[in-house]
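Colleague: I want to learn how to read strands, helices and contacts in a model. Could you take me through a case?

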Amino acid sequence: MTAAAEWVKLWTVRSTWWCLASSLVLMGSCAFLLANDFAYDLEHPDEQSVRDTVATTQSIVEPAAASVSLAQFAVIALAMLVITAEYSSGTIRATLRAVPVRGRVLLAKAAVAAAVTFAAGLVLAAAGLAAARLGLRDYAVVDAGDAVAVALRIAAYLALIAVFSVGMGAALRSAVGTLSAVLVLLVGLSMVVPEPASHYLPGVAGSMFVADGDVGAALILVAWTGAVLAAGYAVLRGRDACPRAGSAATGPHSPPRELLAVELAQRDALQKFLPAVLVEAEHRATVVLAVAHLDGGGVAARLHTVTVVVAARALAPRVRQQDLSHILRGLLAWRTRS
Amino acid sequence: MTITVTGLTKRYGATTAVHDISLRIAPGRVTGFLGPNGSGKSTTIRMVLGLDRPTAGTALINGKPYAELASPLRTVGALLDARAVHPGRSARNHLRAMARGNGIPERRVAEVLETVGLSEVARKRAGGFSLGMSQRLGIAEALLGDPEVLIFDEPVNGLDPDGVRWVRQLMRALAAEGRTVFVSSHLMSEMQQTADHLVVIGKGRIIRDAPIADVIAGSSTTAVRVRTPDAEALRHHLAAATIAARHTGPDELTISGARIERIGDIAYEAGVRLHELSRRDASLEEAYLELTAASVEYATPVPGEAR
């Protein structure tokens, strides 16, 4: 019954559809661009700048698996909003009145998010594989068994990350906090933590599992998900549903501005100290913008942001970093003003 | 069904929002919950609904804590803050989700929307609703499970005069059907017209818990008014009988703390002519202000009571 209520809630807000559409666009375009890069470099040996492989063919599985690291952000947003949107709008109080048993509410939310993202993962994988096939042209290696296996791994990974995000949302309650924490654990820490230790991080373990089907990595990810969900349960059970009635007063339209400030600060810090991760930081900034708009912006703003994310990814390998930074800073400045 | 609150206490750090309150809210009547802002009304209601955890004490609905109710919405309907609906979700879908969670048939959604007069905008996104419409949606949600217990926190906020009258009639009708109706408000006049029983709270403590007629009668501002051309003479005679009277006009005295018959007798024995001898009831507002005067005097903001 509880899951049925969560199911209705998930499909009766537009953000769910926007997140799914964004993930599909991100997955398809990213897989195509990665595949196209591989093919382009083979076709234009004289132009190639850096080429890290001598292979002359590529399995369609590779670009598809690699694209998950980008497409996952839209999935994370979907799962996170299942709970953080309830806190920002105040619906959590209605939810907990309908189902006062905290564990049942959290499990229902996690189950619905997992089921939807697993199904979405299969569709995303199919789109990614098809786009990779298209981009690799004559250099594609297609193996049906490999393709099915990677599709299942992508779906399982996204379902786990969705549960992870629901748990984090329950623990932190705000969209800003949840997104920052998930990004730091999935992406940020892996840039700082050295090699063998980094294998125990959820993001690194996740990509190892998706790429190679590493069972140990899968178990690490499951452990992380369980731990975060338990933390979310502890907070949901222990804390008042609404310790401060005024906290909901800011409404769902304030997170974007907050998000933007947090993300811009992080981006500036990253740019100063770690020029190598500049592009990654830009991606994060744009993804966060996308999420911010899903939480409250207009239709035009959302379309625009999705375009920006895709453009950023498309431009990243070809444009000099300073240029990209310049373009994005202009876009961001324009956003902050408007 | 009865709401039983025993020794309920809520502390936020050093601040005590609700201090050891005990209540029994009976069915078949409207119980008003009256108090100034920050007196602990909403905090108490949230604890009754299992949303906030009491520091001490219990709140039981028909002998059970809220969390142990099998289908809570079919037992207790509540209106907390009207703006607690996802702005992107339609009124109908919000109610559908709530109904699903408690096994309430889907036809109830249309029924309650009809009851509150929101059928026309059922498919509109709740974010575009006016405060009055949001309030009606909140009331629809409270009625969804056809519950025996109804708890309304400031239900008339944002409603137009028509809406206010409608809510008043609705609450009276619900109580007349034998349901338990518990309504908080800071609008004293509203309570006077709606409530049968009154619980007055100030600074987290119960100041008064009595039938509304008793609250009014018990007020020191319930007084006897006398008009007489010999006001000063009557005042002396009353003083001799240890009854204090004060001049409230050139030929008018107001006397409190004495029965009207006794004043008439004294005037008769003294041979003082009376032009008027009447009882003046305190309004609930006066009674309330008198009761809460002490508790608002040093009022400090209490967390969790932003309204």
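**Reading a strand, a helix and a contact**

Modeller: Strand E6 (residues 76-79) of chain B pairs with strand E7 of chain B in the parallel sense, over four bridges. Pairing needs at least two DSSP bridges between two strands. Helices (H or I, at least four residues) and strands (E, at least two) are DSSP runs, numbered from the N terminus. This is a predicted model: local features need pLDDT of at least 70, side-chain atom pairs count only at pLDDT 80 or more, and totals for chains, interfaces and linings use all residues. Residues are numbered from 1 along each chain as its sequence is written, while chains are lettered from A and ligands numbered from 1 in the order in which they are written.

Colleague: In E7(B), which residue is the bridge partner of B:Gly77?

Modeller: B:Leu150. E7(B) also joins strand E8 (residues 180-185) of chain B, through five bridges, again running parallel. There, B:Val149 stands opposite B:Thr180.

Colleague: What do E7(B), helix H6 (residues 161-176) of chain B and E8(B) make?

Modeller: A right-handed β-α-β unit. Right-handed means that, with the strands pointing away from the viewer, the path from the first strand over the helix to the second runs clockwise.

Colleague: How do I read the two faces of a strand?

Modeller: In a regular strand the side chains alternate between the two faces of the sheet. In E7(B), B:Val149, B:Ile151 and B:Asp153 lie on one side, B:Leu150 and B:Phe152 on the other, and all are buried. Buried means 20 or more other C-beta atoms within 10 Å of the residue's own; exposed means 12 or fewer, partly exposed in between, with C-beta atoms placed from the backbone. Five of the five residues of E7(B) are buried, so the strand is largely enclosed by the rest of the structure.

Colleague: Now a helix. How many residues of H3(B) are buried?

Modeller: Eleven of its eleven. Their cover includes helix H1 (2-11) and helix H4 (91-98) of chain A, together with H2, helix H4 (107-116) and helix H5 (131-143) of chain B. H3(B) is followed by B:Gly103, whose phi is positive, near 60°.

Colleague: How many residues does each chain bring to the contact between A and B?

Modeller: Chain B brings 35 and chain A brings 31. Two residues are in contact if their C-beta atoms, placed from the backbone, lie within 7 Å. H3(B) gives the most to chain B's side, with six residues.
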